[in-house]
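Please open the model in a viewer and keep the selection panel at hand.

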Amino acid sequence: MQKIYVKPKDCWMNDPNGFIYFKGLYHLFYQCFPYAPQWGRMHWRHVVSKDLVSWENQGIALYPSKTDDRSGCFSGTAVENDGKMQLYFTGVNYLVENPENINHCVDEQFVSAQLMITSENGFDFDNIGDKKTVLPVIHDAKTGDARHTRDPKVWKNGDRWYMMLGSTIEDKQGRLLFFTSKDGESWKYKNSVTKEKFGWMWECPDYFEVDGKQIVIFSPMGFLKDGKADDAQAVCMQVKFDEKTCQMELPDEYQLMDYGMDLYAPQSTLDEEGRRILTAWLRMPEPVDGKWQGMMCIPRVVEAKENHIYFRVHPNIQAAYTREISAPYEADESGYRVRFSLKDGEKVNIGGYIIYREGSRICTDRSSLYRKFTNHRVQFTTPELKEGFELEVYVNPNLIEVFVNDGEAVISNTVYDLGKEIETDVKMRIETLEK
Ligand code: FRU
């Protein structure tokens with residue numbers, strides 16, 4: 001049983017997949033290479049939770065079994081249809097494998113199709129017996145790219161199913177593709193949307209309505225172009241989407257999902273109470289203890305007020321930290337939470353991770369915990385804040401999440417060799433999980 005943080009025990013993790021509240025349980029899957037802490041032929045590993053706090057491992061749910069997914073089961077979503085769980089995902093087929101590492105292909109010679117698998121109970125998936133492909137490789141370049149078209153987000157409205165895919169125009173400009181279906185199995189192309197100077201490929205799109213606003217999220221590759229690692233970033237924006245024509249208007253204004261620049265490929269669902277919640281992959285530059293790499297952030301509730309999108313800590317997580325302690329070494333192995341407010345110029349040092357306020361921004365610095373990773377970003381800052389300087393910081397040995405003003409902005413950073421001391425003059429409250 002893992003508490004609060006979903007992470008792999010002994011292998012590689014990337015995107016969250018198939019996040020759904022189904023028959024009284026939260027199901028979360030993730031991109032996983034089960035054999036080593038490195039990216040490779042993708043599988044979906046499965047974890048479940050009653051409350052988003054404790055997670056139980058259910059092993060591998062999806063694995064390569066057909067020609068269309070022989071080289072990997074890439075990201076996708078889960079829906080409930082007629083009481084059953086349906087997983088939509090991208091199957092990848094390497095046309096030329098790297099003979100020295102068959103988990104990679106040579107010179108991008110691969111194709112992608114969109115697949116679906118159904119489970120009666122949400123636990124058993126028949127990878128061999130089920131027909132998987134629902135949308136074959138797209139060979140018409142006007143409609144999509146045969147290689148880089150992936151990560152189906154599927155939802156239903158009325159009696160119509162929608163599929164949104166991330167794609168590219170000639171490896172130069174990202175775009176989203178929209179398909180509709182009557183039965184969730186045969187799909188018709190409807191429309192697409194693109195935007196200039198916004199990355200070359202848009203991964204892991206998500207779309208939903210919250211507080212009467214239509215919101216789209218995606219992860220453009222090649223977005224930052226500053227020569228540093230992780231130039232792909234997750235963004236969100238308020239859009240106009242016409243469900244009839246699948247025409248989407250993207251505005252110029254957008255928000256980064258997280259200002260720590262490690263968070264990627266977020267995926268949302270509705271929780272038990274109907275709140276829009278999401279989790280995301282936190283990228284790490286090397287395995288921890290040589291064993292595992294990649295983590296999920298703690299679940300966040302999405303809200304939208306006027307022109308701003310908020311990412312608040314899920315109330316179940318907040319409620320789990322009830323035991324006040326005086327120093328980090330008294331904390332549960334899952335970690336602890338620190339709450340404080342910062343005046344201009346004040347600073348907190350959490351085991352080498354520095355949080356400080358500079359005017360109306362909150363900044364963080366992980367340089368002493370990231371010395372080896374010279375090509376990675378180490379200093380971060382929120383935009384100018386409007387709602388105060390109240391901080392709620394969740395600390396785990398490899399991930400620190402700084403929520404400012406109840407989710408007005410969030411900075412999440414992965415860290416290595418975090419110390420067990422807090423140095424500061426700022427008054428704070430430290431809490432951990434019940435014993
Ligand atoms: C994003 C991503 C997805 C893809 C998956 C493969 O991190 O590249 O676009 O489906 O990871 O693991």
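The stops below concern the domains, their interface and a pocket. Please note that the model is predicted.

In the contact between them, domain 1 takes part with 36 residues and domain 2 with 37 residues.

**The interface**

Next, display the surface between the domains. About 3000 Å² is buried between domain 1 and domain 2, and carbon and sulfur atoms give 53% of this area. Select Tyr5, Tyr259 and Pro285: they supply 22% of the area that domain 1 buries against domain 2, more than any other three residues. Six salt bridges are found across the interface of domain 1 and domain 2.

**A salt bridge to inspect**

Now show the side chains of aspartate 262 and arginine 366. These two side chains form a salt bridge, with 2.6 Å from N to O.

**The largest pocket**

Finally, turn to the largest pocket, which holds about 690 Å³ of space. Which residues lie nearest its centre? Select Trp39, Phe74, Arg150, Glu203 and Met221, which have that position among the 26 residues of the lining. By class, the lining of the largest pocket comprises 13 nonpolar, five polar and eight charged residues.

To see the strands involved, select β2 (12-22), β6 (72-81), β7 (84-94), β9 (101-105), β12 (150-157) and β16 (201-210); each supplies at least two residues of the lining of the largest pocket. The largest share, three residues, comes from β2.

Definitions and conventions:
Residues are numbered from 1 along each chain as its sequence is written. This is a predicted model: local features need pLDDT of at least 70, side-chain atom pairs count only at pLDDT 80 or more; totals for chains, interfaces and linings use all residues. Side-chain values use heavy atoms; hydrogens and water are left out. On a 1 Å grid over the protein atoms alone, a cavity is a set of points where a 1.4 Å probe fits but cannot get out, and a pocket is an open set with protein on both sides within 12 Å along at least five of seven lines; lining residues have an atom within 4 Å of a point. Grid points are joined across faces, edges and corners, and a volume is the space filled by probe spheres set on the points. Helices (H or I, at least four residues) and strands (E, at least two) are DSSP runs, numbered from the N terminus. Ala, Val, Leu, Ile, Met, Phe, Trp, Tyr, Cys and Pro count as nonpolar, Asp, Glu, Lys and Arg as charged, and the others, Gly among them, as polar. Contact means heavy atoms within 4.5 Å. Buried area is the accessible area (1.4 Å probe) that two parts lose on being put together, summed over both. A salt bridge is a side-chain nitrogen of Lys or Arg within 4 Å of a carboxyl oxygen of Asp or Glu.
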